[in-house]
Amino acid sequence: MIGYAMLGTNNLDRARAFYDALFAPVGIKRLMELPRGPAYGTAPGQPLLAIATPWNGEPATAGNGTMIALAMDSKAKVDTLHARALELGGADEGAPGYRGPEARGFYGAYFRDLDGNKLCAFTIAPA
């Protein structure tokens with residue numbers, strides 16, 4: 001259903017370096033370079049996450065209640081993405097672990113990027 005999502009940045013060079021380094025260990029790469037920033041994904045035709053300066057030229061702000069969830073295919077990749085985000089200067093918003101009953105299988109980790117945007121890496125992996 002979702003084709004792409006976009007997060008704003010106030011420092012495109014810093015954001016590009018953060019996301020390039022964040023995504024490399026889990027197989028996500030820069031697939032496009034748009035006029036205002038890069039778009040990341042796993043393959044052409046799959047959902048993308050774009051990081052860009054705002055079109056209107058105003059400062060980018062992190063939305064209150066806004067979060068982008070990134071589907072991973074293993075708990076190890078959730079753990080890796082969360083740890084990597086913190087190594088790169090991101091903020092911890094919730095360590096990797098099950099949320100709700102383990103039998104439901106939602107395993108996630110939460111962090112903020114350098115612009116304060118909230119992301120979640122998750123997988124469905126019943127215990």
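This is a predicted model: local features need pLDDT of at least 70, side-chain atom pairs count only at pLDDT 80 or more; totals for chains, interfaces and linings use all residues.
Which residues do ring pairs link into a cluster?

The cluster consists of Phe18, Tyr19, Phe23 and Tyr40, joined by ring pairs. The model holds 6 aromatic pairs in total. One of them is formed by Phe18 and Tyr19, in an edge-to-face arrangement, with 5.1 Å from centre to centre and 80° between the planes. Phe18 and Tyr19 are both buried. Another pair, that of Phe23 with Tyr40, is also edge-to-face, at 5.3 Å centre to centre and with 65° between the planes. This pair connects distant parts of the chain: Phe23 belongs to helix H1, residues 12-23, whereas Tyr40 belongs to strand S3, and 17 residues separate them. As with the previous pair, burial applies to both partners, Phe23 and Tyr40.

Tyr40 stands opposite Leu49 in S4. Strands S3 and S4 pair in the antiparallel sense, over 2 bridges, and they form a hairpin with 6 residues between them. In the turn of that hairpin, Gly45 has a positive phi of about 85°.

Once neighbours within four places in sequence are set aside, the contacts of Thr42 are Gly27, Ile28, Lys29 and Leu31. The C-alpha atom of Thr42 lies 9.8 Å from that of Phe23, a residue 19 positions away along the chain.

Let us now consider S4 itself. S4 is mostly covered, with 5 of its 5 residues buried. In a regular strand, side chains alternate between the two faces of the sheet. In S4, Leu48, Ala50 and Ala52 point one way, while Leu49 and Ile51 point the other way, and all are buried. S4 also pairs with strand S1, residues 4-8, in the parallel sense, over 5 bridges. Within that pairing, Met6 has Ala50 of S4 as its bridge partner.

I turn next to strand S8, residues 118-124. S8 is mostly covered, and 5 of its 7 residues are buried. With strand S5, residues 67-71, S8 pairs in the parallel sense over 5 bridges. The bridge partner of Leu70 in S8 is Ala121. Strand S7, residues 106-112, is joined to S8 by 7 bridges, and these two strands run antiparallel. One of the residues involved is Arg112, whose bridge partner in S8 is Lys118. S7 and S8 form a hairpin with 5 residues between the strands, where Gly116 takes a positive phi near 90°.

To close, I return to the opening question: the cluster linked by ring pairs is made up of Phe18, Tyr19, Phe23 and Tyr40, and the pair of Phe23 and Tyr40 brings together helix H1 and strand S3.

Notes. Residues are numbered from 1 along each chain as its sequence is written. Side-chain values use heavy atoms; hydrogens and water are left out. Contact means heavy atoms within 4.5 Å. Rings of Phe, Tyr and Trp (its six-membered ring) pair if their centres lie within 6.5 Å; planes under 30 degrees apart count as stacked, over 60 as edge-to-face and the rest as tilted. Buried means under 20% relative accessible area, exposed over 50%, partly exposed in between (1.4 Å probe, protein chains only). Helices (H or I, at least four residues) and strands (E, at least two) are DSSP runs, numbered from the N terminus. Two strands pair if DSSP finds at least two bridges between them.
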